[in-house]
Amino acid sequence: MGESVSLGAIQETLLIPLYGRAEDARRQPSVLNDRRAIELVEAIDYDFTKFRGPSLSGSVLRAAIFDEYVRGFLREHPEGTVVDLGCGLSTRFDRLDNGRLRWFDLDVEDTMALRRRFFQDGDRYTMISGSLFDTDWFEPVTERPGPLFLLSEAVMLYFPAERVHAVLRQLATRFPDTPLAFDTGGQLMMKSQDRNPVFQAVSARMQWICDDPATLEVHGLRLRESRTFAQPQPAVAREWPFKYRAIAKLFGWAPPVTTYKLNLFITDPA
Ligand SMILES: C[S@@+](CC[C@H](N)C(=O)[O-])C[C@H]1O[C@@H](n2cnc3c(N)ncnc32)[C@H](O)[C@@H]1O
(Lines give C-alpha, C1' and ligand atoms only; values in the text may rest on other atoms or scores of the structure.)
Protein backbone atom coordinates (compact mmCIF):
# COMPACT_ATOMS: atom_id res chain seq x y z
CA MET A 1 0.00 0.00 0.00
CA GLY A 2 1.45 3.41 -0.99
CA GLU A 3 1.27 6.78 0.75
CA SER A 4 -2.32 8.01 0.88
CA VAL A 5 -3.12 11.55 -0.23
CA SER A 6 -5.68 13.91 1.22
CA LEU A 7 -5.50 17.17 -0.68
CA GLY A 8 -7.77 20.15 -1.31
CA ALA A 9 -9.24 20.59 -4.79
CA ILE A 10 -6.56 22.88 -6.27
CA GLN A 11 -3.83 21.00 -4.44
CA GLU A 12 -4.88 17.71 -6.07
CA THR A 13 -3.99 19.16 -9.48
CA LEU A 14 -0.29 18.84 -8.56
CA LEU A 15 -0.66 15.14 -9.31
CA ILE A 16 -1.27 15.91 -13.00
CA PRO A 17 2.18 17.38 -13.77
CA LEU A 18 3.76 14.79 -11.48
CA TYR A 19 2.22 11.99 -13.54
CA GLY A 20 3.10 13.84 -16.76
CA ARG A 21 6.76 13.93 -15.73
CA ALA A 22 6.69 10.26 -14.69
CA GLU A 23 5.18 9.21 -18.02
CA ASP A 24 7.74 11.34 -19.83
CA ALA A 25 10.57 9.70 -17.89
CA ARG A 26 9.29 6.24 -18.90
CA ARG A 27 9.63 7.17 -22.59
CA GLN A 28 12.82 7.33 -24.58
CA PRO A 29 13.87 9.91 -25.48
CA SER A 30 12.52 11.85 -22.52
CA VAL A 31 12.27 15.65 -22.14
CA LEU A 32 13.05 15.94 -18.43
CA ASN A 33 14.10 12.39 -17.55
CA ASP A 34 12.56 12.92 -14.10
CA ARG A 35 13.18 9.47 -12.58
CA ARG A 36 12.16 10.82 -9.18
CA ALA A 37 8.66 11.48 -10.54
CA ILE A 38 8.37 7.75 -11.37
CA GLU A 39 9.35 6.88 -7.78
CA LEU A 40 6.79 9.33 -6.38
CA VAL A 41 3.98 8.05 -8.58
CA GLU A 42 4.82 4.50 -7.53
CA ALA A 43 4.92 5.52 -3.85
CA ILE A 44 1.60 7.39 -3.81
CA ASP A 45 -1.66 5.50 -3.48
CA TYR A 46 -3.71 7.25 -6.16
CA ASP A 47 -5.29 6.29 -9.47
CA PHE A 48 -3.02 8.31 -11.75
CA THR A 49 -4.25 6.42 -14.82
CA LYS A 50 -7.40 8.56 -14.83
CA PHE A 51 -5.19 11.38 -16.14
CA ARG A 52 -5.06 11.24 -19.92
CA GLY A 53 -4.61 13.52 -22.89
CA PRO A 54 -2.23 16.18 -24.20
CA SER A 55 -2.11 18.17 -20.95
CA LEU A 56 0.23 15.53 -19.51
CA SER A 57 2.88 16.20 -22.13
CA GLY A 58 1.97 19.89 -21.97
CA SER A 59 2.94 20.02 -18.30
CA VAL A 60 6.33 18.53 -19.18
CA LEU A 61 6.99 21.05 -21.97
CA ARG A 62 5.85 23.85 -19.67
CA ALA A 63 8.31 22.70 -16.98
CA ALA A 64 11.11 22.66 -19.57
CA ILE A 65 10.36 26.24 -20.65
CA PHE A 66 10.20 27.47 -17.03
CA ASP A 67 13.43 25.59 -16.26
CA GLU A 68 15.15 27.59 -18.98
CA TYR A 69 13.90 30.89 -17.52
CA VAL A 70 15.48 29.88 -14.19
CA ARG A 71 18.67 28.67 -15.91
CA GLY A 72 18.99 32.07 -17.61
CA PHE A 73 18.82 33.75 -14.19
CA LEU A 74 21.36 31.31 -12.70
CA ARG A 75 23.79 31.87 -15.57
CA GLU A 76 23.92 35.53 -14.52
CA HIS A 77 23.55 34.91 -10.77
CA PRO A 78 24.86 31.42 -9.90
CA GLU A 79 24.51 32.21 -6.19
CA GLY A 80 21.05 33.72 -6.55
CA THR A 81 17.93 32.66 -4.69
CA VAL A 82 15.02 30.93 -6.44
CA VAL A 83 11.55 30.77 -4.88
CA ASP A 84 9.00 28.36 -6.40
CA LEU A 85 5.54 29.50 -5.26
CA GLY A 86 3.15 26.54 -5.36
CA CYS A 87 5.82 23.92 -6.01
CA GLY A 88 3.62 20.84 -5.57
CA LEU A 89 5.87 17.78 -5.96
CA SER A 90 8.15 19.54 -8.42
CA THR A 91 11.73 18.30 -8.72
CA ARG A 92 13.00 21.52 -10.25
CA PHE A 93 15.58 22.10 -7.50
CA ASP A 94 17.15 18.70 -8.30
CA ARG A 95 17.14 19.51 -12.01
CA LEU A 96 18.70 22.95 -11.73
CA ASP A 97 20.90 22.84 -8.63
CA ASN A 98 24.31 24.25 -9.51
CA GLY A 99 25.79 23.63 -6.07
CA ARG A 100 25.76 27.34 -5.19
CA LEU A 101 22.19 28.65 -5.48
CA ARG A 102 19.71 29.02 -2.61
CA TRP A 103 16.25 27.54 -3.19
CA PHE A 104 12.88 27.84 -1.45
CA ASP A 105 9.85 25.73 -2.33
CA LEU A 106 6.57 27.09 -0.97
CA ASP A 107 3.16 25.46 -0.94
CA VAL A 108 0.06 25.31 1.24
CA GLU A 109 -0.07 23.11 4.31
CA ASP A 110 -1.62 19.90 2.98
CA THR A 111 0.61 19.86 -0.11
CA MET A 112 3.68 20.64 1.98
CA ALA A 113 2.83 17.83 4.41
CA LEU A 114 2.76 15.44 1.43
CA ARG A 115 5.96 16.89 0.00
CA ARG A 116 7.78 16.53 3.31
CA ARG A 117 7.13 12.78 3.21
CA PHE A 118 9.45 12.56 0.20
CA PHE A 119 11.80 15.57 0.32
CA GLN A 120 14.10 16.96 3.04
CA ASP A 121 15.41 20.45 3.67
CA GLY A 122 19.14 20.89 3.04
CA ASP A 123 21.87 23.54 3.41
CA ARG A 124 20.63 25.46 0.40
CA TYR A 125 17.15 24.01 0.06
CA THR A 126 14.19 24.97 2.28
CA MET A 127 10.52 24.08 2.10
CA ILE A 128 8.01 26.60 3.45
CA SER A 129 4.42 25.86 4.33
CA GLY A 130 2.30 28.86 3.40
CA SER A 131 0.26 30.63 0.79
CA LEU A 132 1.54 32.64 -2.11
CA PHE A 133 -1.05 35.26 -1.14
CA ASP A 134 0.40 35.72 2.38
CA THR A 135 3.49 37.68 3.29
CA ASP A 136 5.05 35.39 5.94
CA TRP A 137 7.44 33.88 3.40
CA PHE A 138 8.90 37.28 2.38
CA GLU A 139 11.36 37.39 5.26
CA PRO A 140 12.93 33.92 5.05
CA VAL A 141 13.52 34.14 1.30
CA THR A 142 15.40 37.42 1.66
CA GLU A 143 17.61 36.34 4.58
CA ARG A 144 20.51 35.81 2.20
CA PRO A 145 20.99 39.10 0.35
CA GLY A 146 21.34 39.06 -3.41
CA PRO A 147 19.31 38.54 -6.57
CA LEU A 148 16.03 36.69 -6.36
CA PHE A 149 13.98 34.81 -8.96
CA LEU A 150 10.26 34.20 -8.29
CA LEU A 151 8.40 31.48 -10.13
CA SER A 152 4.83 30.25 -9.95
CA GLU A 153 3.86 27.52 -12.37
CA ALA A 154 0.22 26.52 -12.92
CA VAL A 155 -0.97 28.11 -9.67
CA MET A 156 -2.34 31.63 -10.23
CA LEU A 157 -4.63 30.32 -12.98
CA TYR A 158 -6.83 28.73 -10.31
CA PHE A 159 -7.64 32.02 -8.55
CA PRO A 160 -9.94 34.96 -9.35
CA ALA A 161 -8.42 37.82 -11.36
CA GLU A 162 -8.72 40.41 -8.54
CA ARG A 163 -6.79 38.16 -6.19
CA VAL A 164 -4.05 37.53 -8.72
CA HIS A 165 -3.75 41.21 -9.65
CA ALA A 166 -3.49 42.13 -5.96
CA VAL A 167 -0.74 39.58 -5.32
CA LEU A 168 1.18 40.75 -8.40
CA ARG A 169 1.12 44.32 -7.06
CA GLN A 170 2.19 43.05 -3.64
CA LEU A 171 5.11 41.10 -5.11
CA ALA A 172 6.18 44.02 -7.31
CA THR A 173 6.22 46.39 -4.33
CA ARG A 174 8.05 44.02 -1.96
CA PHE A 175 10.52 42.64 -4.54
CA PRO A 176 11.30 45.44 -7.01
CA ASP A 177 13.43 44.70 -10.06
CA THR A 178 12.98 40.96 -9.63
CA PRO A 179 12.27 38.40 -12.37
CA LEU A 180 8.89 36.73 -11.94
CA ALA A 181 7.76 33.83 -14.15
CA PHE A 182 4.20 32.57 -14.31
CA ASP A 183 1.67 31.29 -16.82
CA THR A 184 -1.52 32.88 -18.12
CA GLY A 185 -4.47 31.37 -19.95
CA GLY A 186 -6.84 33.07 -22.35
CA GLN A 187 -10.58 32.75 -22.75
CA LEU A 188 -10.41 29.88 -25.26
CA MET A 189 -8.29 27.74 -23.00
CA MET A 190 -10.50 28.39 -19.98
CA LYS A 191 -13.66 27.61 -21.93
CA SER A 192 -12.27 24.26 -23.10
CA GLN A 193 -11.48 22.96 -19.58
CA ASP A 194 -14.55 20.76 -19.27
CA ARG A 195 -13.57 18.94 -22.47
CA ASN A 196 -10.01 18.38 -21.24
CA PRO A 197 -9.62 14.78 -19.94
CA VAL A 198 -7.35 15.81 -17.06
CA PHE A 199 -9.92 18.30 -15.79
CA GLN A 200 -12.67 15.72 -16.15
CA ALA A 201 -10.72 13.73 -13.55
CA VAL A 202 -10.52 16.48 -10.89
CA SER A 203 -12.92 19.01 -9.40
CA ALA A 204 -10.71 22.12 -9.55
CA ARG A 205 -11.17 24.56 -12.42
CA MET A 206 -8.97 27.43 -13.56
CA GLN A 207 -10.61 30.81 -13.13
CA TRP A 208 -8.26 33.60 -14.09
CA ILE A 209 -8.64 34.61 -17.72
CA CYS A 210 -5.81 36.69 -19.17
CA ASP A 211 -5.79 36.99 -22.95
CA ASP A 212 -2.81 39.30 -23.12
CA PRO A 213 -0.04 39.11 -20.49
CA ALA A 214 1.15 42.61 -21.49
CA THR A 215 -2.00 44.00 -19.85
CA LEU A 216 -0.55 42.94 -16.49
CA GLU A 217 2.09 45.65 -16.75
CA VAL A 218 -0.31 48.03 -14.96
CA HIS A 219 0.22 45.90 -11.84
CA GLY A 220 3.89 46.84 -11.56
CA LEU A 221 5.48 44.41 -14.02
CA ARG A 222 7.34 44.61 -17.32
CA LEU A 223 6.92 41.72 -19.73
CA ARG A 224 10.26 40.36 -20.91
CA GLU A 225 9.28 37.17 -22.71
CA SER A 226 6.06 35.36 -23.44
CA ARG A 227 6.16 31.90 -24.98
CA THR A 228 3.68 29.27 -26.10
CA PHE A 229 4.51 25.59 -26.59
CA ALA A 230 5.25 26.49 -30.21
CA GLN A 231 7.88 29.02 -29.12
CA PRO A 232 10.25 27.36 -26.64
CA GLN A 233 13.70 28.86 -26.12
CA PRO A 234 16.05 27.50 -28.87
CA ALA A 235 18.15 25.67 -26.24
CA VAL A 236 15.00 23.94 -24.99
CA ALA A 237 13.66 23.11 -28.45
CA ARG A 238 16.95 21.41 -29.33
CA GLU A 239 16.47 18.99 -26.42
CA TRP A 240 12.84 18.10 -27.24
CA PRO A 241 12.28 14.78 -29.00
CA PHE A 242 11.30 15.18 -32.64
CA LYS A 243 7.69 14.17 -31.85
CA TYR A 244 7.15 17.22 -29.62
CA ARG A 245 8.78 19.63 -32.03
CA ALA A 246 6.57 18.30 -34.81
CA ILE A 247 3.39 18.48 -32.69
CA ALA A 248 4.25 21.99 -31.50
CA LYS A 249 4.74 23.02 -35.13
CA LEU A 250 1.52 21.42 -36.33
CA PHE A 251 -0.85 22.30 -33.49
CA GLY A 252 1.06 24.99 -31.62
CA TRP A 253 -0.43 27.78 -33.67
CA ALA A 254 -4.03 26.78 -33.01
CA PRO A 255 -6.11 28.03 -30.13
CA PRO A 256 -6.33 27.12 -27.27
CA VAL A 257 -2.56 26.41 -27.31
CA THR A 258 -1.78 29.95 -28.45
CA THR A 259 -3.77 31.39 -25.58
CA TYR A 260 -1.65 29.56 -22.97
CA LYS A 261 1.41 31.70 -22.28
CA LEU A 262 4.51 31.03 -20.22
CA ASN A 263 5.72 34.45 -19.24
CA LEU A 264 8.81 36.04 -17.80
CA PHE A 265 8.28 39.46 -16.23
CA ILE A 266 10.48 41.79 -14.26
CA THR A 267 8.87 43.66 -11.40
CA ASP A 268 8.82 47.41 -11.90
CA PRO A 269 6.58 49.03 -9.29
CA ALA A 270 7.46 52.63 -10.24
C1 LIG B 1 -1.24 22.41 -10.90
S2 LIG B 1 -0.41 22.33 -9.37
C3 LIG B 1 1.20 22.91 -9.87
C4 LIG B 1 2.29 22.37 -9.02
C5 LIG B 1 3.71 22.71 -9.50
N6 LIG B 1 3.89 24.13 -9.67
C7 LIG B 1 4.00 21.97 -10.80
O8 LIG B 1 4.01 22.60 -11.86
O9 LIG B 1 4.22 20.76 -10.73
C10 LIG B 1 -1.07 23.70 -8.42
C11 LIG B 1 -0.33 23.93 -7.11
O12 LIG B 1 -0.80 25.13 -6.49
C13 LIG B 1 -0.69 24.93 -5.10
N14 LIG B 1 -1.46 25.97 -4.39
C15 LIG B 1 -2.80 26.05 -4.23
N16 LIG B 1 -3.12 27.15 -3.52
C17 LIG B 1 -1.95 27.79 -3.24
C18 LIG B 1 -1.60 28.97 -2.54
N19 LIG B 1 -2.55 29.76 -1.98
N20 LIG B 1 -0.30 29.31 -2.43
C21 LIG B 1 0.66 28.52 -2.99
N22 LIG B 1 0.39 27.40 -3.68
C23 LIG B 1 -0.89 27.03 -3.80
C24 LIG B 1 -1.21 23.53 -4.94
O25 LIG B 1 -0.94 22.98 -3.67
C26 LIG B 1 -0.50 22.82 -6.07
O27 LIG B 1 0.75 22.36 -5.67
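The model is predicted. It holds 21 salt bridges. Helix α2 is largely enclosed by the rest of the structure, because 10 of its 12 residues are buried. A nonpolar patch made of I247, L250 and F251 lies on the surface.

**Salt bridges**

- Side chains of opposite charge can pair when their charged atoms come close.
- R21 and D34 form a salt bridge, and their closest N and O atoms are 2.7 Å apart. R21 sits in helix α2, D34 in the loop between α2 and α3, so this pair ties together parts that are 13 residues apart in sequence.
- R21 is buried, with a relative accessible area of 7%. D34 is also buried, at 5% relative accessibility. The cut-off for buried is under 20%, so both values fall within it.
- E153 pairs with R92 in another salt bridge, with 2.8 Å between the closest N and O atoms. This pair links distant parts of the chain, 61 residues apart. E153 is in the loop between β6 and α8, while R92 belongs to helix α5 (residues 92-96). Both residues, E153 and R92, are buried.
- R116 and D121 also meet through their side chains, at 3.7 Å from N to O. R116 is partly exposed, at 39% relative accessibility. D121 is partly exposed too, at 40%.
- One network of salt bridges that share partners joins R21, D34, R62, D67, D84, R92, R95 and E153.

**Helix α2**

- Helix α2 covers residues 15-26. It has 12 residues and reaches 16 Å from its first C-alpha to its last. That is close to the 16 Å expected at 1.5 Å a residue.
- Which residues of α2 are buried? They are L15, I16, P17, L18, Y19, G20, R21, A22, D24 and A25.
- An α-helix has 3.6 residues a turn, so residues three or four places apart point the same way.

- Where does S131 lie? S131 is in the loop that runs between β5 (125-129) and α7 (138-141).
- Is S131 buried or exposed? S131 counts as buried, because its relative accessibility is 17% and the cut-off is under 20%.
- A polar atom of the S131 side chain lies 3.0 Å from the backbone nitrogen of F133.
- Neighbours within four places in sequence aside, S131 is in contact with L106, V108 and W137.

**Surface patch and L250**

- Which residues form the nonpolar patch on the surface? I247, L250 and F251 do, with about 330 Å² of accessible area together.
- L250 is found in helix α12, which covers residues 242-251.
- L250 counts as exposed, because its relative accessibility is 65% and the cut-off is over 50%.
- How far apart are L250 and Y260 in space? They are 16 Å apart, C-alpha to C-alpha, and 10 residues apart in sequence.

Technical notes:
Residues are numbered from 1 along each chain as its sequence is written. This is a predicted model: local features need pLDDT of at least 70, side-chain atom pairs count only at pLDDT 80 or more; totals for chains, interfaces and linings use all residues. Side-chain values use heavy atoms; hydrogens and water are left out. Helices (H or I, at least four residues) and strands (E, at least two) are DSSP runs, numbered from the N terminus. Buried means under 20% relative accessible area, exposed over 50%, partly exposed in between (1.4 Å probe, protein chains only). A polar contact is a pair of N or O atoms within 3.5 Å; within protein, one must be able to donate a hydrogen and the other to accept it, and residues adjacent in sequence count only if both atoms are side-chain atoms. Contact means heavy atoms within 4.5 Å. A salt bridge is a side-chain nitrogen of Lys or Arg within 4 Å of a carboxyl oxygen of Asp or Glu. Patches are made of residues with over 30% relative accessible area and no salt bridge: like charges are joined within 9 Å, nonpolar side chains (Val, Leu, Ile, Met, Phe, Trp, Tyr) within 5 Å. Accessible areas come from the Shrake-Rupley method with a 1.4 Å probe; for residues, only the protein chains shown count as cover. The expected span of a helix is 1.5 Å times one less than its number of residues.
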